[in-house]
Amino acid sequence: MGFGSVHTGTPTQQAVASEAAIVQENSTGSRFVLVFQNLPFANNASIKPVSQVFDAAIAAFLFP
């Protein structure tokens, strides 16, 4: 994952994160591409909320 600053049009900078990954769900062998870009992270907050969204999306796809 990468953290960086994005100029928001004001003198302050906002930290954002971007990531791309290919993951495999082991029980089915299904592979997924997970991507997010320029997601704001106040004070470099945890990535856990993003991982929870990915987990829920994969579960909904595999087990509708």
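**Group meeting: the core and the Phe residues**

Phe54 touches Leu34, Val35 and Phe36, leaving aside residues up to four places away in sequence. Contact here means heavy atoms within 4.5 Å. Phe54 sits in helix 1. Helices are DSSP runs of H or I with at least four residues, strands are E runs of at least two, and both are numbered from the N terminus.

A word on the source. This is a predicted model, where local features need pLDDT of at least 70 and side-chain atom pairs count only at pLDDT 80 or more, while totals for chains, interfaces and linings use all residues. Residues are numbered from 1 along each chain as its sequence is written, and side-chain values use heavy atoms, with hydrogens and water left out.

Back to Phe54. Is Phe54 buried or exposed? Buried, at 19% relative accessibility. The cut-offs: buried is under 20% relative accessible area, exposed is over 50%, and partly exposed is in between, with a 1.4 Å probe and protein chains only. Val35, in strand 3, counts as exposed at 52%. Phe54 and Val35 are 19 residues apart in sequence, and their C-alpha atoms are 9.3 Å apart.

Now the core. The largest nonpolar core has 8 residues: Ala17, Phe32, Leu34, Phe36, Val50, Phe54, Ile58 and Leu62. Such a core is a set of buried Ala, Val, Leu, Ile, Met, Phe, Trp, Tyr and Cys residues joined through side-chain atoms within 4.5 Å. Which elements give two or more residues to this core? Strand 3 (30-40) and helix 1 (48-62). Helix 1 gives the most, with 4 residues.

Take Leu62, one of the core residues. Leu62 touches Glu25, Thr28, Ser30 and Phe32, again not counting residues up to four places away in sequence.

Next, the rings. Rings of Phe, Tyr and Trp (its six-membered ring) pair if their centres lie within 6.5 Å; planes under 30 degrees apart are stacked, over 60 edge-to-face, the rest tilted. How many aromatic pairs does this rule give? The count is 1. Phe32 and Phe61 form an edge-to-face pair, 5.5 Å centre to centre, with 90° between the planes. Phe32 lies in strand 3 and Phe61 in helix 1, so the pair ties together parts that are 29 residues apart in sequence. Phe32 is buried, with a relative accessible area of 13%. Phe61 is exposed, at 61%.

That is the tour: Phe54 in helix 1, the 8-residue core, and the Phe32–Phe61 pair.
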